[in-house]
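Welcome! Take a moment to look over the structure below, and then we will walk through some of its details together.

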Amino acid sequence: MVKLFMSQSTRDVRFDDLCIVCNHFFGVSRQSESSHRIYKTPWQGDPRINIQTHKGKAKAYQVEQVLLAIKRLEVDHDFKK
C-alpha cells in the first residue's frame with residue numbers, strides 16, 4: 001500500500017488512502033470527525049502533518065508534505081517500511 005501510494009501522482013491521491021498512510025507512519029490523528037486530520041511528528045519545529053479532503057481527494061501540496069515527512073522520518077529514525 002505504501003509503495004503504491006508513493007508511486008502515485010500527488011494530484012491523484014484519495015484522502016482516505018492518505019489517511020491510511022499517515023496513520024501507519026504517524027499514528028492516529030488528533031482530529032478525525034471533520035475534513036481535517038492532524039498528525040504529530042517526532043521532531044522539533046512544526047510537529048504537525050495537517051491534511052484535508054477536497055471532493056474525496058487529498059490536496060497535492062499536502063501529499064507532497066506527507067512524502068517529505070515520511071522521508072525525513074526514515075532518515076532521522078531509521079524507520080522500516
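Predicted model: local features only at pLDDT ≥ 70, side-chain atom pairs only at ≥ 80, totals over all residues.

Let us begin with helix α2, which covers residues 15-26.

Which residues of α2 are buried? They are Phe15, Asp17, Leu18, Cys19, Val21, Cys22, Phe25 and Phe26. Just after the helix comes Gly27, with a positive phi of about 90°.

The structure has 1 aromatic pair. Its rings belong to Phe25 and Phe26, with centres 6.5 Å apart and planes at 50°, so the pair is tilted. Phe25 has a relative accessible area of 7% and is buried, and Phe26 is buried as well, at 11%.

Now for the charged side chains. How many salt bridges does a search of the whole structure find? It finds 3, and here they are:

| Salt bridge | N to O distance |
|---|---|
| Lys57 and Asp12 | 2.9 Å |
| Asp16 and Arg14 | 3.6 Å |
| Asp17 and Arg14 | 3.3 Å |

Lys57 and Asp12 form a salt bridge. Lys57 sits in strand β3 while Asp12 sits in the loop between α1 (2-7) and α2, so this pair ties together parts that are 45 residues apart in sequence. Lys57 is partly exposed at 32% relative accessible area, and Asp12 is partly exposed at 44%.

Arg14, Asp16 and Asp17 are linked in a network of salt bridges. Asp17, in contrast, is buried, because its 17% relative accessibility falls under the 20% cut-off.

Next, a stop at a loop. Lys55 lies between β2 (48-54) and β3 (57-58). Its phi is near 60°, a positive value in a residue other than glycine. Is Lys55 buried or exposed? At 78% relative accessibility, Lys55 counts as exposed.

Finally, let us visit the largest pocket, whose volume is about 160 Å³. Its lining holds 13 residues, and those nearest the centre are Trp43, Asp46, Arg48, Ile49 and Ala69. Both β2 and α3 (60-77) supply at least two lining residues each, with the largest share, 6 residues, coming from α3. By kind, the lining divides into 6 nonpolar, 4 polar and 3 charged residues.

Terms used
Residues numbered from 1 in each chain as written. Heavy atoms only, no water. Helix = DSSP H or I, 4+ residues; strand = E, 2+ residues; numbered from the N terminus. Expected span 1.5 Å × (residues − 1). Buried < 20%, exposed > 50% of the residue type's maximum accessible area, 1.4 Å probe, protein only. Phe/Tyr/Trp six-rings, centres within 6.5 Å; stacked < 30°, edge-to-face > 60°. 1 Å grid on protein atoms, 1.4 Å probe; cavity = no way out; pocket = protein on both sides within 12 Å on 5 of 7 lines; lining within 4 Å. Points joined across faces, edges and corners; volume = space filled by probe spheres on them. Nonpolar A, V, L, I, M, F, W, Y, C, P; charged D, E, K, R; others polar. Salt bridge = Lys/Arg side-chain N within 4 Å of Asp/Glu carboxyl O.
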